[in-house]
Amino acid sequence: MQPHLEQVPWMSSPPLVPDYSAIDLAHLRRMTLGEPHLEREVLEMFKAQTADLLNRLKAMPADAAAMVHTLKGSARAIGAFEVGEAAQLLEGAIGAHSNTAYAMQGLVSAVDDARVSIDAILNDLKP
């Protein structure tokens, strides 16, 4: 008896490595109305803002909670939700006067991940 052979239509395989981005592109595109130049501007501003705020937060000034709150809002606005969550944890730690060093490490790590994703997105966007 001959085996029954059937041609199966070609389908692409899933990626071997998950496609991970610390920036929710769908959210970013909704917030920028799908305008690539606006996406670029917002992402570049966010990178500059995070660099400035993290540098200022090293000393944990009296207004640290307000700075972290600002960062949390900016992160959520562009789809950097992990940065937003980390900022929320640091904001809570500052308010409770506890574990700020650990929470700050989490924020720095989340920002680093976001910057890597932002750089990749910026490289893909046409100037």
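**Exercise 1. Describe the overall make-up of the protein chain.**

Solution. The protein chain contains five helices and zero strands, where helices (H or I, at least four residues) and strands (E, at least two) are DSSP runs numbered from the N terminus. The model is predicted: local features need pLDDT of at least 70, side-chain atom pairs count only at pLDDT 80 or more, and totals for chains, interfaces and linings use all residues. Residues are numbered from 1 along each chain as its sequence is written, and side-chain values use heavy atoms, with hydrogens and water left out. Along the sequence, the pattern reads α-α-α-α-α.

**Exercise 2. State what percentage of the 127 residues is buried.**

Solution. Buried residues (under 20% relative accessible area, 1.4 Å probe, protein chains only) form 33% of the 127 residues.

**Exercise 3. Determine how helix α2 and helix α3 pack, and which residues make the contact.**

Solution. Step one: locate the helices. Helix α2 covers residues 36-57 and helix α3 covers residues 64-78.

Step two: consider the geometry. The angle is about 160° and the axes lie 11 Å apart, axes being lines fitted to C-alpha atoms over the stretch in contact, with angles from 0 to 180 degrees between N-to-C directions. Therefore α2 is roughly antiparallel to α3 (an angle over 145 degrees).

Step three: list the contact (heavy atoms within 4.5 Å). From α2 the residues include Val-42, Leu-43, Phe-46 and Leu-53; from α3 they include Met-67, Val-68, Leu-71 and Ile-78.

Step four: classify the residues. The contact of α2 with α3 has eleven nonpolar residues, four polar and one charged; Ala, Val, Leu, Ile, Met, Phe, Trp, Tyr, Cys and Pro count as nonpolar, Asp, Glu, Lys and Arg as charged, and the others, Gly among them, as polar.

Notes:
Angles under 35 degrees count as roughly parallel, over 145 as roughly antiparallel, 65 to 115 as roughly perpendicular and the rest as oblique. Buried means under 20% relative accessible area, exposed over 50%, partly exposed in between (1.4 Å probe, protein chains only).
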